Amino acid sequence: MALVLLPGLNNLIEDISEEKKLPPSVVEAALREALLKGYERYRRTLYLGISEDPFEEDYFSNFDVQLDLDDEGYRVLASKIIVEEVESEDHQIALDEVQQVADDAQIGDTVVLDVTPEKDDFGRMAAATTKQVLAQKLRDQQRRMIQEEFADLEDPVLTARVIRFERQSVIMAVSSGLGRPEVEAELPRRDQLPNDNYRANATFKVFLKEVSEVSRRGPQLFVSRANAGLVVYLFENEVPEIQEGSVRIVAVAREANPPSRSVGPRTKVAVDSVEREVDPVGACIGARGSRIQQVVNELRGEKIDVIRWSHDPGQYIANSLSPARVEAVRLVDPEGQHAHVLVPPDQLSLAIGREGQNVRLAARLTGWKIDIKNATEYDQASEDAVVAELIAMREEEEALQAEAEARLAAEQAARAEEDARLRELYPLPEDEEGYGEEAPEQEFETQLEAEPEPLVAQAGEGEDEGEAR
């Protein structure tokens, strides 16, 4: 059999395997497929300018490429069926021709023949196709392995190392476990913390936000330092009571990138205790604040409020406005989750927070719309009148929405009924018995003729928290 020599083939496979972090067997499979695509391109170029391309979509399905790692080369092989009279030389071979070398050959048997073209005949276009397809197949394999490796991680928080910067994103190296190779991950600008210093080789804890399945250049892992899941993970690792299950984190509201530079990052964490004798807030803070300080240090000084969750919405809202002192909470519209919080005059600014950050986070944490009111100036009668008007407006909007949905459902039902009546009067061809038994095969053949396979597949380019009510 003819062998096209590829000097340095073994070194090439090893280098690609090390560079792309892929097993040698995967690189070999990608190389075989790329060479086969190159051979297809070579065959198609023979007809350029002479006649129409005669090859159908699956024409080369019986061809394969064999790599010879010992002699460092490759062969193109074709599996052919033995027939009496040959109609396709690429798929069939005459019986009398085979019997010249194998007397016991019979019609219907399959033989494998060497159809390797000479290296000089392979052509520049075919070689370029091989190189292009190889690069694409290697990228596909890398993407698939990354997806399999990271998609089902039990621990979504990874240790990442800064390796370079691209525009406003930080490119980091992450690993899924001990001994696993590092892969690149992107930390977008919106997921960075303002207090972080992203210098080269600096390490950070990051939350695995997304494993992209879309073909794209660059990293397909997206990580975050601003995700609330990172706070949950840090508390779980610092507080044994959370690991044991006696304390649980009920809700987290985080503003890692405030709208103004004058306001720093801040997080509110609501915790609850499964056991009465365990203080959930004290467990999370630790002796002299030792536990929460570890979390704060990892988040580069981010302010964290740990508050106690409660079944009582009023108590929960009062707790969520910590460290402000609350006099009373009025649930003025429980159905619409609207509350008035009355605080002393000296606590008003503290309850609202700088640029409204404290009350904004409390609203996200509790899910209630919170209005902070001065307790000494609060006029319950006038406030109730305003709330009643708001409730009436809300109920009117809900009624209009329900009416519109009912009207749409009625229109769809009437349209479906009319379609059924017309179809009964004027049956469509597909309603006839036996329709379409042979049509799919004919339609499939038409598609093959109308849409030939592209010569080379090209690679495509390719907020965690809810809003405060």
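Let's start with two helices. In this predicted model, helix 5, residues 228–238, packs against helix 8, residues 290–298. The angle is about 145°, and the axes lie 9 Å apart. The crossing is right-handed.

Who makes the contact? From helix 5, we have L234, F235 and E238. From helix 8 come R291, I292, Q294, V295 and E298. Sorted by class, that is 4 nonpolar, 1 polar and 3 charged residues.

Now the core. The largest nonpolar core holds 43 residues. Three of them touch the most other members: M172, F235 and I304. Helix 5 is the top contributor, giving 5 residues.

Take I304. Leaving out residues up to four places away in sequence, I304 touches F235, T267, V269, I292, V295, V296 and L299. F235, I292 and V295 also sit in the contact of helix 5 with helix 8.

Three strands, order 14-15-16, form an open sheet with mixed pairing. Strand 14 (328–333) and strand 16 (369–374) are the edges. Each has a single partner strand, so one side of each lacks a neighbour in the sheet. Twist averages 25° from one strand to the next.

Strand 14 pairs with strand 15, residues 338–343, in the antiparallel sense over 4 bridges. D333 stands opposite H338 of strand 15.

Which helices pack on this sheet? Helix 9, residues 313–320, touches strands 14, 15 and 16, with its direction at about 125° to strand 14. Helix 12, residues 380–425, also touches strands 14, 15 and 16, at about 35° to strand 14.

Methods: Residues are numbered from 1 along each chain as its sequence is written. This is a predicted model: local features need pLDDT of at least 70, side-chain atom pairs count only at pLDDT 80 or more; totals for chains, interfaces and linings use all residues. Side-chain values use heavy atoms; hydrogens and water are left out. Axes are lines fitted to C-alpha atoms, for helices over the stretch in contact, and angles run from 0 to 180 degrees between N-to-C directions. A crossing is left-handed if the near helix is turned anticlockwise from the far one by less than a right angle, and right-handed if clockwise. Contact means heavy atoms within 4.5 Å. Ala, Val, Leu, Ile, Met, Phe, Trp, Tyr, Cys and Pro count as nonpolar, Asp, Glu, Lys and Arg as charged, and the others, Gly among them, as polar. A nonpolar core is a set of buried Ala, Val, Leu, Ile, Met, Phe, Trp, Tyr and Cys residues joined through side-chain atoms within 4.5 Å. Buried means under 20% relative accessible area, exposed over 50%, partly exposed in between (1.4 Å probe, protein chains only). Two strands pair if DSSP finds at least two bridges between them.
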